[in-house]
Amino acid sequence: MLTVENLTVRYGAVTAVRDLSLSIGHGELVALLGPNGAGKSSTINALTGLVDAAAGRIVLDGRDISRTRTEDRIRAGLTSTPEGRHIFANLTVAENLRLGAATRRDPKGVRADIDRFLALFPVLSQRYGQAAGTLSGGEQQMLAISRSLMSRPKLLLLDEPSLGLAPKIVVQIFDFIGQLKAEGLTLLVVEQNAAQALRFADRVHVVTSGTLRYSGPPAGLADEHGLLNLYIGG
Ligand SMILES: Nc1ncnc2c1ncn2[C@@H]1O[C@H](COP(=O)(O)OP(=O)(O)OP(=O)(O)O)[C@@H](O)[C@H]1O
């Protein structure tokens with residue numbers, strides 16, 4: 001579904017991502033792991049067009065989207081849930097959900113999707129008219145993922161869905177991610193929490209200092225020291 005060839009992201013003199021290539025097949029969940037500052041968010045943001053790629057090619061379902069505007073990438077089926085959730089705290093739960101559907105022109109379908117997420121997460125239903133900023137961290141993450149799904153993506157990029165959440169909530173979030181995969185959604189999940197990310201991953205990439213160090217099945221990282229060595233460059 002997605003092919004990334006030789007992606008490079010620079011911020012002035014800083015090269016955040018260097019010559020990174022990866023692919024994601026239909027229905028796959030691919031995990032992108034790495035320590036702080038490795039270039040994971042920069043990769044996601046280049047895929048959605050929020051930052052410009054200095055070099056490389058991004059191909060979604062056979063179409064080169066490297067120079068396509070973010071909103072057109074969303075229309076083409078690629079959406080991300082950003083790190084830190086970025087829900088609109090002063091807007092209601094309902095308004096946040098509706099904003100996720102900004103690129104759609106089928107009000108009935110939008111309404112049906114909102115109903116689906118309200119049924120899935122009763123707390124969103126109970127707090128439908130309240131400011132989203134009053135939700136707990138875990139509830140905000142559920143809302144952020146639901147909002148992303150409102151654009152009906154075929155590929156969802158999740159940037160650190162576990163960030164700042166209690167371990168029990170993290171397990172619930174990943175249970176939901178596993179459910180999305182079971183429903184056929186294709187996912188790229190960026191995570192620091194390797195154990196959770198690997199629960200449902202078909203393949204995994206490990207990036208450190210902007211460079212891919214490992215690409216392969218999760219079993220290749222089964223030895224904890226394998227991942228640790230990759231992280232510390234051993
Ligand atoms: N807007 C920016 N301007 C300058 N440097 C940046 C910018 N955004 C990121 N960087 C730098 O690029 C590198 C990669 O950052 P990035 O946020 O992509 O890493 P990450 O793997 O997502 O890290 P984390 O897990 O801590 O979120 C880091 O050295 C970071 O300081």
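Where does His-26 lie? This residue sits in the loop between S2 and S3. The model described here is predicted.

**His-26**

- His-26 counts as exposed, because it has 11 C-beta neighbours inside 10 Å, and a residue with 12 or fewer is classed that way.
- Leaving out residues up to four places away in sequence, His-26 touches Met-1 and Thr-186.
- Ala-119 is 93 residues from His-26 in sequence, and their C-alpha atoms are 27 Å apart in space.

**The shell around the ligand**

- The ligand has 13 residues around it, and those that come nearest are Tyr-11, Ala-16, Lys-40, Ser-41 and Ser-42.
- Two elements give two or more residues to this shell: strand S2, residues 14–24, and helix H1, residues 40–48.
- H1 gives the most, with three residues.
- Sorted by class, the shell holds seven polar, four nonpolar and two charged residues.

**Helix H1**

- Eight of the nine residues of H1 are buried, so the helix is largely enclosed by the rest of the structure.
- The buried residues are Lys-40, Ser-41, Ser-42, Thr-43, Ile-44, Asn-45, Ala-46 and Leu-47.
- Gly-49 follows H1, and its phi is positive, near 90 degrees.

**The antiparallel sheet**

- Four strands make an open sheet, in the order S2-S1-S4-S5, with antiparallel pairing.
- Strand S1, residues 2–11, is joined to S2 by seven bridges, and the two run antiparallel.
- Within this pair, Val-4 stands opposite Leu-22 in S2.
- H1 packs on the sheet and touches S1, S2 and strand S4, residues 55–60. The direction of H1 makes about 65 degrees with that of S2.

- S3 and S8 run parallel and are joined by five bridges. Here Leu-29 stands opposite Leu-187 in S8.
- Strand S7, residues 155–159, also pairs with S8 in the parallel sense, over five bridges. In this pairing Leu-158 stands opposite Val-189 in S8.

**Nonpolar cores**

- The largest nonpolar core has 44 residues, and Ala-31 and Val-189 touch the most other members.
- Strand S3, residues 29–33, supplies the largest share of this core, with five residues.
- Which residues does Ala-31 contact, leaving aside neighbours within four places in sequence? They are Val-189, Glu-191, Ala-197, Leu-198, Ala-201 and Val-204.
- Another core lies apart from the largest one.

Technical notes:
Residues are numbered from 1 along each chain as its sequence is written. This is a predicted model: local features need pLDDT of at least 70, side-chain atom pairs count only at pLDDT 80 or more; totals for chains, interfaces and linings use all residues. A residue is near a molecule or strand if its C-beta atom, placed from the backbone, lies within 6 Å of it. Ala, Val, Leu, Ile, Met, Phe, Trp, Tyr, Cys and Pro count as nonpolar, Asp, Glu, Lys and Arg as charged, and the others, Gly among them, as polar. A nonpolar core is a set of buried Ala, Val, Leu, Ile, Met, Phe, Trp, Tyr and Cys residues joined through C-beta atoms within 7 Å. A residue is buried if 20 or more other C-beta atoms lie within 10 Å of its own, exposed if 12 or fewer, and partly exposed in between; C-beta atoms are placed from the backbone. Two residues are in contact if their C-beta atoms, placed from the backbone, lie within 7 Å. Two strands pair if DSSP finds at least two bridges between them. Axes are lines fitted to C-alpha atoms, for helices over the stretch in contact, and angles run from 0 to 180 degrees between N-to-C directions.
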